[in-house]
Amino acid sequence: MKKIRTRTAFMLYPVVLSGAIALVVTLSIFSPTNISAQTGRAATYLPGAERGVAKDLTRLAECYEYGYGVEEDLNEALRLYTQAAFRKDPQAIFRIGYFYETGKGGLQKDYAEAFKYYNVAASQGNQGAMLYLAELYEE
């Protein structure tokens, strides 16, 4: 079992307030993964995810979403996708949109939110988001 190090960090989150962007500072105990052990495919992405590498966070989230090398956990998948989305990973942004569209991970189905996430991911070149965005337009 691998022991995960955590560190205290100040997190900056952009927030839109009345058309202006403000930075909200939060103090938190930060470890992108908070994972104690995993095998196979999930273990491949853990080192990068622990360092906060967006692509590795997204791939690890996919492992949790589908149960590759770890027990399926949609809440953990959503948390990891969110960490990667803060790092502007278009695949993570797309997957969060999908979670909103389908109600996965404990989210309430919300097509308007899904549309927003798909639109951002599509604008960054994510082809899956482009397809799902087109399907929302058809409905």
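Reply: **A buried arginine and its helix**

Arg 95 lies in helix 4, where helices (H or I, at least four residues) and strands (E, at least two) are DSSP runs, numbered from the N terminus. The model is predicted, so local features need pLDDT of at least 70 and side-chain atom pairs count only at pLDDT 80 or more, while totals for chains, interfaces and linings use all residues. Residues are numbered from 1 along each chain as its sequence is written, and side-chain values use heavy atoms, with hydrogens and water left out.

Arg 95 counts as buried because its relative accessible area is 6%; buried means under 20%, exposed over 50%, and partly exposed in between, with a 1.4 Å probe and protein chains only. Not counting residues up to four places away in sequence, Arg 95 touches Glu 65, Tyr 66, Tyr 81 and Lys 104. Contact here means heavy atoms within 4.5 Å.

Two of those partners, Glu 65 and Tyr 66, belong to the meeting of helix 2 with helix 4. The axes of these two helices come within 9 Å and cross at roughly 30°; axes are lines fitted to C-alpha atoms, for helices over the stretch in contact, and angles run from 0 to 180 degrees between N-to-C directions. On the helix 2 side the residues are Lys 55, Thr 58, Arg 59, Glu 62, Glu 65 and Tyr 66, and they meet Pro 90, Gln 91, Ala 92, Arg 95, Tyr 98 and Phe 99 of helix 4. By class, this contact has 5 nonpolar, 2 polar and 5 charged residues. Nonpolar covers Ala, Val, Leu, Ile, Met, Phe, Trp, Tyr, Cys and Pro; charged covers Asp, Glu, Lys and Arg; the others, Gly among them, are polar.

Helix 4 also packs against helix 6. Their axes come within 10 Å and cross at roughly 30°. That angle is why helix 4 is roughly parallel to helix 6 (under 35 degrees counts as roughly parallel, over 145 as roughly antiparallel, 65 to 115 as roughly perpendicular and the rest as oblique). Phe 94, Tyr 98 and Glu 101 of helix 4 make the contact with Gly 128, Ala 129, Tyr 132 and Leu 136 of helix 6. Sorted by class, these are 5 nonpolar, 1 polar and 1 charged residues.

Tyr 118 takes up several of these residues again. Leaving aside neighbours within four places in sequence, Tyr 118 is in contact with Phe 94, Gly 97, Tyr 98, Glu 101, Ala 129, Tyr 132, Leu 133 and Leu 136.

Tyr 118 and Tyr 81 are among the residues with the most contacts inside the largest nonpolar core, which has 29 residues. Such a core is a set of buried Ala, Val, Leu, Ile, Met, Phe, Trp, Tyr and Cys residues joined through side-chain atoms within 4.5 Å. Leu 60, Tyr 64, Leu 80 and Ile 96 are also listed there. Helices 1 to 6 each supply at least two residues of this core.

Lys 88 is exposed, with a relative accessible area of 62%, and has a positive phi of about 65° although it is not a glycine.

As for the whole, the protein has 6 helices and 2 strands, running β-β-α-α-α-α-α-α from the N terminus. Buried residues make up 40% of its 139 residues.
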